[in-house]
Amino acid sequence: MQDASEHLTTNDRRDFLRRGVSYVAGAAAVGGASIATASGLSTNLPPNEPQWGRQLGTGVVENPYGLPSRHESQVVRRTVPWLTAEAISSISMSPIQDLKGIITPNGLVFERYHAGVPDINPDEHRLMIHGLVDNPLIFTMEDLMRFPSVSEIKFIECPANGGMEWRGPQMEALQFTHGMLSCCEWTGVPLKVLLDAAGIQTEGKWILAEGADGAHMSRSIPIEKILDDTLVVYAQNGEMLRPEQGYPLRLLNPGWEGNTSIKWLRRIEVGDQPWHHREETSKYTDLMEDGRARRFTFVQECNSVITSPCPENPIRRKGFLEVEGLAWTGRGKIKGVDISFDGGVSWQPAQLKGLVLDKALTRFSLMTQWQGEPWLIQSRAYDDSGYVQPTLAQLREQRGVNSIYHKNSIHTWQVAPTGEVKNVQIT
Ligand SMILES: Nc1nc2c(c(=O)[nH]1)N[C@H]1C(S)=C(S)[C@@H](COP(=O)(O)O)O[C@H]1N2
Ligand SMILES: [Mo]
(Lines give C-alpha, C1' and ligand atoms only; values in the text may rest on other atoms or scores of the structure.)
(Ligands and ions follow the chains in the order given, each with its own letter.)
Protein backbone atom coordinates (compact mmCIF):
# COMPACT_ATOMS: atom_id res chain seq x y z
CA MET A 1 0.00 0.00 0.00
CA GLN A 2 2.88 2.33 0.78
CA ASP A 3 4.31 1.89 -2.72
CA ALA A 4 1.01 2.29 -4.51
CA SER A 5 0.29 5.60 -2.81
CA GLU A 6 3.79 6.99 -3.52
CA HIS A 7 2.71 9.26 -6.39
CA LEU A 8 -0.57 10.43 -4.87
CA THR A 9 -1.16 13.87 -3.41
CA THR A 10 -1.67 14.36 0.32
CA ASN A 11 -5.44 14.35 -0.08
CA ASP A 12 -5.46 11.24 -2.17
CA ARG A 13 -3.08 9.52 0.20
CA ARG A 14 -5.32 10.31 3.14
CA ASP A 15 -8.28 8.83 1.21
CA PHE A 16 -6.27 5.81 0.25
CA LEU A 17 -5.21 5.14 3.82
CA ARG A 18 -8.73 5.68 5.11
CA ARG A 19 -9.98 3.10 2.64
CA GLY A 20 -7.26 0.77 3.82
CA VAL A 21 -8.48 1.14 7.37
CA SER A 22 -12.03 0.34 6.29
CA TYR A 23 -11.02 -3.08 5.05
CA VAL A 24 -10.13 -3.88 8.59
CA ALA A 25 -12.61 -1.81 10.55
CA GLY A 26 -15.67 -2.28 8.31
CA ALA A 27 -18.25 0.23 7.17
CA ALA A 28 -19.18 1.72 10.50
CA ALA A 29 -15.82 3.35 11.12
CA VAL A 30 -15.69 5.25 7.80
CA GLY A 31 -18.64 7.56 7.21
CA GLY A 32 -17.88 9.93 4.29
CA ALA A 33 -16.18 8.14 1.41
CA SER A 34 -18.70 6.05 -0.52
CA ILE A 35 -16.12 3.63 -1.91
CA ALA A 36 -15.02 2.85 1.60
CA THR A 37 -18.60 2.25 2.75
CA ALA A 38 -19.24 -0.11 -0.11
CA SER A 39 -16.05 -2.01 0.59
CA GLY A 40 -17.09 -2.66 4.15
CA LEU A 41 -20.35 -4.23 3.02
CA SER A 42 -19.16 -6.41 0.15
CA THR A 43 -17.82 -9.89 0.68
CA ASN A 44 -16.27 -9.62 -2.79
CA LEU A 45 -13.65 -7.09 -1.69
CA PRO A 46 -10.21 -7.73 -0.24
CA PRO A 47 -9.20 -9.43 1.95
CA ASN A 48 -12.00 -11.81 0.87
CA GLU A 49 -11.69 -13.90 -2.28
CA PRO A 50 -14.42 -12.61 -4.60
CA GLN A 51 -17.12 -15.05 -5.63
CA TRP A 52 -15.96 -15.13 -9.30
CA GLY A 53 -12.61 -16.47 -8.16
CA ARG A 54 -14.20 -19.39 -6.31
CA GLN A 55 -15.97 -21.05 -9.25
CA LEU A 56 -15.55 -21.89 -12.93
CA GLY A 57 -16.52 -19.41 -15.59
CA THR A 58 -18.17 -19.95 -18.95
CA GLY A 59 -16.28 -21.76 -21.73
CA VAL A 60 -15.21 -20.84 -25.26
CA VAL A 61 -17.85 -19.94 -27.86
CA GLU A 62 -20.43 -19.38 -25.15
CA ASN A 63 -20.73 -16.14 -27.15
CA PRO A 64 -19.73 -17.00 -30.74
CA TYR A 65 -19.79 -13.27 -31.43
CA GLY A 66 -18.69 -11.55 -28.23
CA LEU A 67 -20.41 -8.64 -26.55
CA PRO A 68 -19.21 -6.12 -23.95
CA SER A 69 -19.53 -7.02 -20.26
CA ARG A 70 -23.08 -6.64 -18.98
CA HIS A 71 -21.64 -4.12 -16.51
CA GLU A 72 -21.00 -1.74 -19.44
CA SER A 73 -24.62 -1.65 -20.62
CA GLN A 74 -24.83 2.14 -20.20
CA VAL A 75 -22.28 2.65 -23.00
CA VAL A 76 -24.69 2.82 -25.93
CA ARG A 77 -25.79 5.01 -28.84
CA ARG A 78 -28.54 7.43 -27.91
CA THR A 79 -30.92 9.65 -29.83
CA VAL A 80 -32.78 12.86 -29.05
CA PRO A 81 -36.44 11.88 -29.57
CA TRP A 82 -37.71 15.38 -30.43
CA LEU A 83 -35.13 15.89 -33.20
CA THR A 84 -37.02 13.98 -35.89
CA ALA A 85 -40.46 12.46 -36.32
CA GLU A 86 -39.31 8.91 -37.01
CA ALA A 87 -36.38 6.66 -36.17
CA ILE A 88 -35.94 5.61 -39.81
CA SER A 89 -34.96 9.15 -40.78
CA SER A 90 -33.08 10.11 -37.66
CA ILE A 91 -29.67 10.17 -36.06
CA SER A 92 -28.09 8.51 -33.05
CA MET A 93 -24.96 9.73 -31.28
CA SER A 94 -21.83 7.85 -30.21
CA PRO A 95 -21.15 7.79 -26.44
CA ILE A 96 -17.86 9.66 -26.92
CA GLN A 97 -17.83 10.47 -23.20
CA ASP A 98 -17.12 6.77 -22.51
CA LEU A 99 -14.71 5.89 -25.32
CA LYS A 100 -10.95 5.41 -25.00
CA GLY A 101 -8.24 6.05 -27.56
CA ILE A 102 -9.35 7.12 -31.03
CA ILE A 103 -11.23 4.13 -32.49
CA THR A 104 -15.00 3.90 -32.22
CA PRO A 105 -16.12 0.26 -31.73
CA ASN A 106 -18.44 -0.88 -34.51
CA GLY A 107 -21.52 -1.20 -32.31
CA LEU A 108 -21.15 2.42 -31.14
CA VAL A 109 -20.57 4.29 -34.42
CA PHE A 110 -23.22 7.01 -34.79
CA GLU A 111 -26.06 6.29 -37.21
CA ARG A 112 -27.78 8.56 -39.71
CA TYR A 113 -30.49 7.29 -42.03
CA HIS A 114 -32.88 8.99 -44.41
CA ALA A 115 -35.02 5.88 -44.93
CA GLY A 116 -33.80 3.28 -42.44
CA VAL A 117 -31.25 0.47 -42.87
CA PRO A 118 -31.75 -1.79 -45.89
CA ASP A 119 -31.04 -5.51 -45.50
CA ILE A 120 -28.78 -6.05 -48.52
CA ASN A 121 -27.69 -9.45 -49.79
CA PRO A 122 -24.08 -8.87 -50.89
CA ASP A 123 -24.41 -11.46 -53.68
CA GLU A 124 -27.16 -9.35 -55.20
CA HIS A 125 -25.49 -6.00 -54.66
CA ARG A 126 -23.85 -4.20 -57.60
CA LEU A 127 -21.87 -0.99 -58.05
CA MET A 128 -22.37 0.68 -61.43
CA ILE A 129 -19.96 3.29 -62.80
CA HIS A 130 -21.27 5.19 -65.82
CA GLY A 131 -21.68 8.65 -67.36
CA LEU A 132 -18.62 10.38 -68.86
CA VAL A 133 -16.45 7.23 -68.91
CA ASP A 134 -15.03 5.17 -71.77
CA ASN A 135 -16.19 1.80 -70.37
CA PRO A 136 -19.25 1.78 -68.12
CA LEU A 137 -18.73 -0.98 -65.53
CA ILE A 138 -20.81 -3.02 -63.12
CA PHE A 139 -18.93 -4.55 -60.18
CA THR A 140 -19.99 -7.40 -57.91
CA MET A 141 -18.66 -7.41 -54.34
CA GLU A 142 -16.30 -10.19 -55.40
CA ASP A 143 -14.97 -8.02 -58.25
CA LEU A 144 -14.32 -5.15 -55.83
CA MET A 145 -12.53 -7.32 -53.31
CA ARG A 146 -10.06 -8.51 -55.95
CA PHE A 147 -8.55 -5.01 -56.13
CA PRO A 148 -5.56 -4.37 -53.84
CA SER A 149 -7.05 -3.02 -50.61
CA VAL A 150 -6.05 -0.10 -48.42
CA SER A 151 -6.87 0.42 -44.72
CA GLU A 152 -7.05 3.91 -43.24
CA ILE A 153 -8.15 5.39 -39.93
CA LYS A 154 -10.54 8.31 -40.59
CA PHE A 155 -13.25 10.11 -38.69
CA ILE A 156 -16.80 10.60 -39.95
CA GLU A 157 -18.79 13.57 -38.67
CA CYS A 158 -22.27 14.74 -39.59
CA PRO A 159 -22.05 18.49 -40.30
CA ALA A 160 -25.13 18.89 -38.06
CA ASN A 161 -22.94 17.89 -35.08
CA GLY A 162 -23.46 20.65 -32.48
CA GLY A 163 -26.11 22.24 -34.71
CA MET A 164 -28.70 22.30 -31.93
CA GLU A 165 -26.59 24.89 -30.11
CA TRP A 166 -26.28 27.78 -32.56
CA ARG A 167 -28.68 29.93 -30.53
CA GLY A 168 -27.75 28.79 -27.04
CA PRO A 169 -26.73 25.79 -24.96
CA GLN A 170 -29.43 23.16 -25.15
CA MET A 171 -28.03 19.69 -24.54
CA GLU A 172 -26.82 18.68 -21.08
CA ALA A 173 -24.56 15.90 -22.33
CA LEU A 174 -21.39 15.58 -24.42
CA GLN A 175 -23.02 12.67 -26.26
CA PHE A 176 -25.62 15.11 -27.62
CA THR A 177 -23.41 18.16 -28.15
CA HIS A 178 -20.67 16.30 -30.10
CA GLY A 179 -21.66 12.63 -30.60
CA MET A 180 -22.43 12.73 -34.35
CA LEU A 181 -18.80 11.74 -34.66
CA SER A 182 -16.95 8.44 -34.98
CA CYS A 183 -13.55 7.15 -36.12
CA CYS A 184 -12.81 3.73 -37.60
CA GLU A 185 -10.18 1.89 -39.58
CA TRP A 186 -11.84 1.55 -42.99
CA THR A 187 -10.79 -0.98 -45.64
CA GLY A 188 -11.56 -0.80 -49.33
CA VAL A 189 -10.35 0.50 -52.69
CA PRO A 190 -9.53 4.08 -53.74
CA LEU A 191 -12.38 5.27 -55.99
CA LYS A 192 -9.83 6.64 -58.45
CA VAL A 193 -8.62 3.07 -59.10
CA LEU A 194 -12.17 2.05 -60.09
CA LEU A 195 -12.62 5.22 -62.17
CA ASP A 196 -9.32 4.53 -63.95
CA ALA A 197 -10.66 1.10 -64.84
CA ALA A 198 -13.73 2.80 -66.35
CA GLY A 199 -11.63 5.59 -67.95
CA ILE A 200 -12.86 9.09 -67.01
CA GLN A 201 -13.33 11.35 -70.02
CA THR A 202 -11.65 14.76 -69.93
CA GLU A 203 -14.98 16.60 -69.42
CA GLY A 204 -15.63 14.50 -66.30
CA LYS A 205 -15.40 17.00 -63.41
CA TRP A 206 -17.98 15.81 -60.87
CA ILE A 207 -19.44 12.51 -59.75
CA LEU A 208 -22.83 11.67 -58.36
CA ALA A 209 -22.77 8.92 -55.72
CA GLU A 210 -26.07 7.18 -54.97
CA GLY A 211 -27.19 4.74 -52.27
CA ALA A 212 -29.30 1.59 -52.62
CA ASP A 213 -31.48 2.39 -49.59
CA GLY A 214 -35.11 3.50 -49.94
CA ALA A 215 -33.94 7.13 -49.87
CA HIS A 216 -31.51 6.56 -52.76
CA MET A 217 -29.60 9.37 -51.14
CA SER A 218 -27.10 10.97 -53.49
CA ARG A 219 -24.50 13.71 -53.44
CA SER A 220 -22.39 15.49 -56.03
CA ILE A 221 -18.64 15.39 -55.36
CA PRO A 222 -15.91 17.21 -57.33
CA ILE A 223 -13.36 15.02 -59.11
CA GLU A 224 -10.41 16.65 -57.26
CA LYS A 225 -11.55 15.02 -54.02
CA ILE A 226 -11.79 11.63 -55.67
CA LEU A 227 -8.32 11.93 -57.15
CA ASP A 228 -7.12 12.94 -53.68
CA ASP A 229 -8.47 10.40 -51.16
CA THR A 230 -12.04 9.12 -51.68
CA LEU A 231 -12.42 5.41 -50.86
CA VAL A 232 -15.04 2.78 -51.63
CA VAL A 233 -15.01 0.71 -48.43
CA TYR A 234 -16.43 -2.67 -47.45
CA ALA A 235 -14.92 -3.12 -43.99
CA GLN A 236 -14.57 -1.21 -40.72
CA ASN A 237 -12.36 -2.08 -37.75
CA GLY A 238 -11.40 -5.46 -39.18
CA GLU A 239 -14.81 -6.86 -40.12
CA MET A 240 -17.29 -6.25 -42.90
CA LEU A 241 -19.25 -2.98 -42.59
CA ARG A 242 -22.15 -3.01 -40.19
CA PRO A 243 -25.59 -2.70 -41.85
CA GLU A 244 -25.92 0.64 -40.06
CA GLN A 245 -22.73 1.89 -41.73
CA GLY A 246 -23.63 0.86 -45.29
CA TYR A 247 -23.14 -2.92 -45.64
CA PRO A 248 -21.90 -4.15 -48.00
CA LEU A 249 -20.36 -1.01 -49.56
CA ARG A 250 -20.07 2.70 -48.85
CA LEU A 251 -18.25 5.74 -50.07
CA LEU A 252 -15.84 7.42 -47.67
CA ASN A 253 -14.82 11.02 -48.25
CA PRO A 254 -12.27 11.56 -45.47
CA GLY A 255 -12.68 14.83 -43.58
CA TRP A 256 -15.77 15.87 -45.53
CA GLU A 257 -19.40 16.23 -44.43
CA GLY A 258 -20.65 12.79 -43.36
CA ASN A 259 -23.52 13.03 -45.84
CA THR A 260 -21.06 12.82 -48.77
CA SER A 261 -20.02 9.35 -47.55
CA ILE A 262 -22.92 7.62 -49.30
CA LYS A 263 -23.83 4.30 -47.65
CA TRP A 264 -25.13 1.17 -49.43
CA LEU A 265 -23.34 2.59 -52.49
CA ARG A 266 -24.80 1.33 -55.78
CA ARG A 267 -24.07 3.93 -58.46
CA ILE A 268 -21.39 6.44 -59.47
CA GLU A 269 -22.15 8.69 -62.40
CA VAL A 270 -19.45 10.91 -63.88
CA GLY A 271 -20.62 14.29 -65.19
CA ASP A 272 -19.31 17.73 -66.11
CA GLN A 273 -21.13 19.64 -63.32
CA PRO A 274 -22.94 19.07 -60.02
CA TRP A 275 -26.43 17.58 -60.23
CA HIS A 276 -28.36 20.76 -59.41
CA HIS A 277 -31.71 19.14 -60.06
CA ARG A 278 -31.21 16.71 -57.18
CA GLU A 279 -32.53 17.96 -53.89
CA GLU A 280 -29.34 17.22 -51.96
CA THR A 281 -27.37 20.14 -53.41
CA SER A 282 -29.86 22.66 -52.06
CA LYS A 283 -30.35 20.82 -48.77
CA TYR A 284 -26.83 20.88 -47.39
CA THR A 285 -26.32 24.64 -47.31
CA ASP A 286 -25.64 27.15 -44.54
CA LEU A 287 -28.20 29.96 -44.25
CA MET A 288 -26.47 33.27 -43.47
CA GLU A 289 -27.82 36.36 -41.66
CA ASP A 290 -28.42 38.24 -44.93
CA GLY A 291 -30.61 35.46 -46.30
CA ARG A 292 -27.99 34.11 -48.69
CA ALA A 293 -26.70 30.56 -48.28
CA ARG A 294 -23.28 28.96 -48.46
CA ARG A 295 -23.11 25.71 -50.43
CA PHE A 296 -20.51 23.04 -51.13
CA THR A 297 -19.03 23.64 -47.69
CA PHE A 298 -17.66 20.12 -47.78
CA VAL A 299 -14.82 20.25 -45.27
CA GLN A 300 -15.41 19.50 -41.59
CA GLU A 301 -13.22 22.25 -40.13
CA CYS A 302 -10.92 21.88 -37.15
CA ASN A 303 -12.85 21.15 -33.95
CA SER A 304 -12.25 19.78 -30.45
CA VAL A 305 -14.02 19.07 -27.19
CA ILE A 306 -13.06 18.07 -23.67
CA THR A 307 -14.44 14.59 -22.95
CA SER A 308 -13.38 14.47 -19.30
CA PRO A 309 -14.55 16.36 -17.35
CA CYS A 310 -17.91 16.78 -19.12
CA PRO A 311 -21.55 16.60 -17.95
CA GLU A 312 -21.46 12.79 -17.95
CA ASN A 313 -17.97 12.70 -16.37
CA PRO A 314 -18.05 15.09 -13.40
CA ILE A 315 -14.92 15.51 -11.28
CA ARG A 316 -15.32 13.04 -8.42
CA ARG A 317 -12.22 13.71 -6.34
CA LYS A 318 -9.99 16.64 -5.48
CA GLY A 319 -6.34 16.34 -6.34
CA PHE A 320 -4.66 15.30 -9.54
CA LEU A 321 -6.81 15.29 -12.64
CA GLU A 322 -6.23 14.38 -16.24
CA VAL A 323 -8.18 16.66 -18.56
CA GLU A 324 -8.78 14.69 -21.75
CA GLY A 325 -10.46 15.32 -25.05
CA LEU A 326 -10.70 14.75 -28.78
CA ALA A 327 -9.62 16.99 -31.64
CA TRP A 328 -10.12 16.49 -35.39
CA THR A 329 -9.86 18.36 -38.66
CA GLY A 330 -11.02 17.64 -42.19
CA ARG A 331 -8.00 19.50 -43.56
CA GLY A 332 -5.19 17.24 -42.38
CA LYS A 333 -3.54 16.62 -39.05
CA ILE A 334 -4.11 18.18 -35.66
CA LYS A 335 -1.05 20.23 -34.80
CA GLY A 336 -1.89 21.22 -31.24
CA VAL A 337 -4.57 21.85 -28.64
CA ASP A 338 -4.65 24.53 -25.94
CA ILE A 339 -6.71 24.33 -22.76
CA SER A 340 -8.24 27.23 -20.84
CA PHE A 341 -9.62 26.99 -17.32
CA ASP A 342 -10.88 30.59 -17.23
CA GLY A 343 -13.20 30.80 -20.22
CA GLY A 344 -10.56 31.66 -22.78
CA VAL A 345 -8.58 34.37 -20.93
CA SER A 346 -5.42 32.28 -20.57
CA TRP A 347 -4.31 29.11 -22.33
CA GLN A 348 -1.87 26.24 -21.77
CA PRO A 349 -0.80 23.63 -24.30
CA ALA A 350 -2.16 20.07 -23.97
CA GLN A 351 -0.24 16.99 -25.08
CA LEU A 352 -1.32 14.96 -28.10
CA LYS A 353 -1.55 11.31 -27.05
CA GLY A 354 -0.99 8.21 -29.16
CA LEU A 355 -1.50 8.32 -32.91
CA VAL A 356 -1.78 11.69 -34.65
CA LEU A 357 -3.18 10.81 -38.08
CA ASP A 358 -4.53 12.65 -41.10
CA LYS A 359 -8.32 13.26 -40.77
CA ALA A 360 -8.57 11.00 -37.72
CA LEU A 361 -9.69 11.70 -34.17
CA THR A 362 -6.71 12.80 -32.09
CA ARG A 363 -6.67 12.48 -28.32
CA PHE A 364 -5.23 15.23 -26.12
CA SER A 365 -4.45 15.39 -22.43
CA LEU A 366 -3.34 17.82 -19.75
CA MET A 367 -2.36 16.84 -16.20
CA THR A 368 -3.50 19.32 -13.59
CA GLN A 369 -4.81 19.71 -10.04
CA TRP A 370 -8.36 20.56 -9.00
CA GLN A 371 -9.12 21.73 -5.47
CA GLY A 372 -12.76 22.70 -5.96
CA GLU A 373 -12.21 25.85 -8.00
CA PRO A 374 -15.07 26.86 -10.31
CA TRP A 375 -13.78 26.46 -13.87
CA LEU A 376 -14.85 27.51 -17.34
CA ILE A 377 -12.90 24.89 -19.20
CA GLN A 378 -12.31 25.00 -22.96
CA SER A 379 -10.17 23.38 -25.65
CA ARG A 380 -8.93 25.14 -28.79
CA ALA A 381 -7.42 23.02 -31.56
CA TYR A 382 -5.37 24.06 -34.55
CA ASP A 383 -4.32 22.03 -37.57
CA ASP A 384 -1.40 21.78 -39.95
CA SER A 385 -3.16 24.00 -42.51
CA GLY A 386 -2.87 26.89 -40.04
CA TYR A 387 -6.60 26.93 -39.21
CA VAL A 388 -7.40 27.72 -35.56
CA GLN A 389 -10.73 26.64 -34.04
CA PRO A 390 -12.84 29.83 -33.71
CA THR A 391 -14.68 31.16 -30.67
CA LEU A 392 -18.46 31.02 -30.74
CA ALA A 393 -18.55 34.83 -30.99
CA GLN A 394 -16.28 34.74 -34.07
CA LEU A 395 -18.37 32.02 -35.69
CA ARG A 396 -21.65 33.82 -35.00
CA GLU A 397 -20.22 37.07 -36.35
CA GLN A 398 -19.44 35.32 -39.61
CA ARG A 399 -22.39 32.97 -39.87
CA GLY A 400 -25.22 34.33 -37.70
CA VAL A 401 -27.44 31.94 -35.74
CA ASN A 402 -29.65 30.50 -38.49
CA SER A 403 -27.33 27.71 -39.52
CA ILE A 404 -27.66 24.07 -38.64
CA TYR A 405 -24.38 22.87 -40.07
CA HIS A 406 -20.69 23.41 -39.35
CA LYS A 407 -20.71 24.64 -35.78
CA ASN A 408 -17.09 23.93 -34.85
CA SER A 409 -16.56 26.67 -32.26
CA ILE A 410 -14.65 26.37 -28.99
CA HIS A 411 -16.89 24.61 -26.45
CA THR A 412 -17.22 25.60 -22.80
CA TRP A 413 -17.93 23.37 -19.80
CA GLN A 414 -18.65 25.00 -16.45
CA VAL A 415 -17.21 23.05 -13.54
CA ALA A 416 -18.93 23.80 -10.20
CA PRO A 417 -17.17 23.51 -6.81
CA THR A 418 -19.10 20.23 -6.37
CA GLY A 419 -17.34 18.86 -9.47
CA GLU A 420 -20.56 18.84 -11.49
CA VAL A 421 -20.22 19.97 -15.11
CA LYS A 422 -22.70 22.06 -17.11
CA ASN A 423 -22.92 23.00 -20.78
CA VAL A 424 -22.64 26.79 -21.06
CA GLN A 425 -21.77 29.33 -23.76
CA ILE A 426 -19.51 32.36 -23.57
CA THR A 427 -20.50 34.97 -26.14
N1 LIG B 1 -27.46 5.96 -48.76
C2 LIG B 1 -27.34 6.79 -47.69
N3 LIG B 1 -26.11 7.24 -47.37
C4 LIG B 1 -25.95 8.06 -46.30
C5 LIG B 1 -27.06 8.49 -45.54
C6 LIG B 1 -28.35 7.98 -45.90
O7 LIG B 1 -29.38 8.25 -45.26
N8 LIG B 1 -28.45 7.13 -46.97
N9 LIG B 1 -26.86 9.39 -44.50
C10 LIG B 1 -25.67 10.26 -44.65
C11 LIG B 1 -25.39 11.12 -43.53
S12 LIG B 1 -26.35 12.52 -43.40
C13 LIG B 1 -24.32 10.92 -42.68
S14 LIG B 1 -23.91 12.04 -41.50
C15 LIG B 1 -23.50 9.68 -42.79
C16 LIG B 1 -23.46 8.98 -41.46
O17 LIG B 1 -22.72 7.80 -41.53
P18 LIG B 1 -22.89 6.69 -40.41
O19 LIG B 1 -24.38 6.40 -40.28
O20 LIG B 1 -22.09 5.52 -40.85
O21 LIG B 1 -22.37 7.28 -39.12
O22 LIG B 1 -24.00 8.79 -43.78
C23 LIG B 1 -24.43 9.44 -44.96
N24 LIG B 1 -24.69 8.47 -45.99
MO1 LIG C 1 -25.42 13.94 -41.77
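I started at ligand 1 and found a backbone N or O atom of Arg-112 at 3.0 Å from one of its oxygen atoms. I am working from a predicted model, in which local features need pLDDT of at least 70 and side-chain atom pairs count only at pLDDT 80 or more, while totals for chains, interfaces and linings use all residues. Residues are numbered from 1 along each chain as its sequence is written, chains are lettered from A and ligands numbered from 1 in the order in which they are written, and side-chain values use heavy atoms, with hydrogens and water left out.

**Ligand 1.** I looked up two further pairs. A polar side-chain atom of Lys-263 lies 2.5 Å from an oxygen atom of ligand 1, and a polar side-chain atom of Asp-213 lies 2.9 Å from a nitrogen atom of the ligand. I listed 19 residues around ligand 1 (a heavy atom within 4 Å); Phe-110, His-114, Asp-213, Arg-250 and Lys-263 come nearest.

**Largest pocket.** I noted about 530 Å³ of space in the largest pocket. A pocket here is an open set of points on a 1 Å grid over the protein atoms alone, where a 1.4 Å probe fits, with protein on both sides within 12 Å along at least five of seven lines; lining residues have an atom within 4 Å of a point. Of the 33 lining residues, Ile-91, Arg-112, Tyr-113, His-114 and Cys-158 are closest to the centre.

**Thr-104.** I placed Thr-104 in the loop between strand S1 (91-92) and strand S2 (111-112) (strands are DSSP E runs of at least two residues, helices H or I runs of at least four, numbered from the N terminus). Thr-104 counts as buried because its relative accessibility is 2% (buried is under 20%, exposed over 50%, partly exposed in between, with a 1.4 Å probe and protein chains only). Beyond four places in sequence, its contacts (heavy atoms within 4.5 Å) include Ser-94, Cys-183 and Asn-237.

**His-406.** I found His-406 in the loop between helix H8 (392-399) and strand S22 (412-415). His-406 is buried, at 9% relative accessible area. Its side chain makes a polar contact of 3.4 Å with that of Gln-300 (N or O atoms within 3.5 Å; within protein, one able to donate a hydrogen and the other to accept it, and residues adjacent in sequence count only if both atoms are side-chain atoms).

**Gln-74.** I checked the loop between helix H2 (34-41) and S1, where Gln-74 is found. Gln-74 is partly exposed, at 40%. Its C-alpha atom is 9.2 Å from that of Pro-95, 21 residues apart along the chain.

Key: Grid points are joined across faces, edges and corners, and a volume is the space filled by probe spheres set on the points.
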